[in-house]
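Thank you all for coming; I would like to walk you through one model and two of its residues. Please have a look at the sequence and the structure before I go on.

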Amino acid sequence: MSADVELSNVSVTFGSFYAAKNVNVKINGGEFFSFLGPSGCGKTTLLRAVSGFQEPSEGTVLIDNKDMSGIGPNKRPTSLIFQNLALFPLMTVSENIAFSLEVRGVSKDDRKKRADELLELIALEGQGDKKVHQLSGGQKQRVAIARALIAKTNLILADEPTGNLDFKTSKEIFSYFLKLKKLNKTIIFATHNRELANRADYKLLISNGDIKRVNAR
């Protein structure tokens, strides 16, 4: 089952500054949803609030109608792809992908099997023994996607997933998110790129404190 997400009167403050203010939006399970807006508008803050890396100052985050208050990121049914990817440089590609399974005590053989399956999905078969620095930017992005998928969560969050890539590579990476939608995942990504946002099902426009859910197409 894909995951429903609801932000109810969510605000996030840092001192007297509102990074996000009175956000209300319902994202239905299986939707491909974008947070669209310029730098500093609160896109990343909202993703972090959904994933548990940032507690709202006010309001409630609900996932599948369950209040997420006080529930940390490791306990939520979410996977967050960070803007800087946060890959481990001293680990191999396979070890990066399977890291969350290692933390959970999954056996080495089972970790490798699952990592190999995902390497095939992201078209990096046979490259699991490489180190991160041996990959291109687009390949690193695909590894980050695979790492998010290995946890088998139904809610994938991505912060500027194509922000540092050229146009051709951006389109290729975006095609992987379309594959995730076909796997019945709920996908929320933050971007300042209107063209990419328009390829989602719906988008949340964030500009100068004005927030509005609209059809993306």
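Where in the protein chain is confidence lowest, and where is it highest? It is lowest in strand S10 (residues 210-215), at a mean of 62, and highest in strand S4 (residues 58-63), at 96, where confidence is pLDDT, the predictor's own value for each residue, from 0 to 100, and where helices (H or I, at least four residues) and strands (E, at least two) are DSSP runs numbered from the N terminus. Where pLDDT is low, the predicted coordinates should not be read in detail. For the protein chain, the mean pLDDT is 85, with 93% of residues at 70 or more.

This is a predicted model, in which local features need pLDDT of at least 70 and side-chain atom pairs count only at pLDDT 80 or more, while totals for chains, interfaces and linings use all residues. Residues are numbered from 1 along each chain as its sequence is written, and side-chain values use heavy atoms, with hydrogens and water left out.

Let me turn to serine 51, which belongs to helix H1 (residues 43-51) and is buried, at a relative accessible area of 1%; buried means under 20%, exposed over 50%, and partly exposed in between, with a 1.4 Å probe and protein chains only. Apart from neighbours within four places in sequence, serine 51 contacts Pro73, Arg76, Thr78, Leu80 and Leu157, contact meaning heavy atoms within 4.5 Å.

Isoleucine 122, in turn, sits in the loop between helix H4 (108-121) and helix H5 (137-150), and is buried, with a relative accessible area of 1%. Not counting residues up to four places away in sequence, isoleucine 122 touches Arg142, Val143, Ala146 and Tyr176.
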